[in-house]
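Here is my note on the model you sent over. Have the structure open while you go through the points.

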Amino acid sequence: MKIIDKAIKYLEVKLDGYEPKDFPCYISTGINNEDESIDYCFECAEKRKTELQKTSKEEIYVGEEINPDWSDTTLLCDSCGERLKYCLSPEGKLSELEQFLSNDFDLNSKEVCYCLMAVFDDYKDEDIEIQKGLIKLAKLMREVIKNNHGLLDNDFFLDWDKAIKRINL
Ligand SMILES: [Zn+2]
């Protein structure tokens, strides 16, 4: 099993039961087909729509980005701050990779695991530079698991395979 696949397996187990809120929603006002290009969760988009309807005679509707793999950044709702579903563009993957490779991260956080998973998503289709970076990231995750035995289960530091076995329990 390649180290990237191990990292993905690890994240899948950590993310069991976790779902970010919604795909990002935007508001379309119908005025010159202008969209309010803001990322909202569905609830906040509906609230905003109601607010706008008080002062506008134009038709206002809420649209959902069902295929948001254009995203260059991770996405949070602009109103309530909750995590939204997203897929990263290649540029987004590179910049997220850099972030993870140069900063500490907490694998106990499901939010962090979700963001890591977005970086590994469909890695086989990515170019060699991204794949090289992902191998580094997977190795770094292994180090984090080894070193964080205070934060994570005490057995995690023994080795990667054991760690995966343990979290499968
Ligand atoms: Zn929201």
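**Notes on the model**

1. Of the 169 residues in this protein, 24% count as buried. Buried here means that 20 or more other C-beta atoms, placed from the backbone, lie within 10 Å of the residue's own.

2. Before going on, keep in mind that this is a predicted model: local features need pLDDT of at least 70, side-chain atom pairs count only at pLDDT 80 or more, and totals for chains, interfaces and linings use all residues. Residue numbers start from 1 along each chain as its sequence is written.

3. How far can you trust it? pLDDT is the predictor's confidence in each residue, from 0 to 100. The mean for the protein is 83, and 81% of its residues reach 70 or more.

4. Now the layout. You'll find six helices and three strands, in the order α-β-β-α-β-α-α-α-α along the sequence. These are DSSP runs numbered from the N terminus (helices are H or I, at least four residues; strands are E, at least two).

5. Take contacts next: two residues touch, in this sense, if their C-beta atoms, placed from the backbone, lie within 7 Å. Among contacts between residues at least 6 apart in sequence, 60% join residues at least 24 apart.

6. Look at helix α3 (residues 90-102) against helix α5 (residues 128-147): they pack at an angle of about 30°, with axes 10 Å apart. Axes are lines fitted to C-alpha atoms, for helices over the stretch in contact, and angles run from 0 to 180 degrees between N-to-C directions. The pair is therefore roughly parallel (under 35 degrees; over 145 is roughly antiparallel, 65 to 115 roughly perpendicular, the rest oblique). On the α3 side, the contact includes P90, L94 and L101; on the α5 side, I130, G133 and L140 are among the residues. It divides into eight nonpolar, one polar and two charged residues (Asp, Glu, Lys and Arg are charged; Ala, Val, Leu, Ile, Met, Phe, Trp, Tyr, Cys and Pro are nonpolar; the others, Gly among them, are polar).

7. Which residues link α3 to α4? K93, E96, L97 and F100 in α3 meet C115, L116 and V119 in α4. This contact has five nonpolar, no polar and two charged residues.

Definitions and conventions:
Buried ≥ 20, exposed ≤ 12 C-beta atoms within 10 Å, placed from the backbone.
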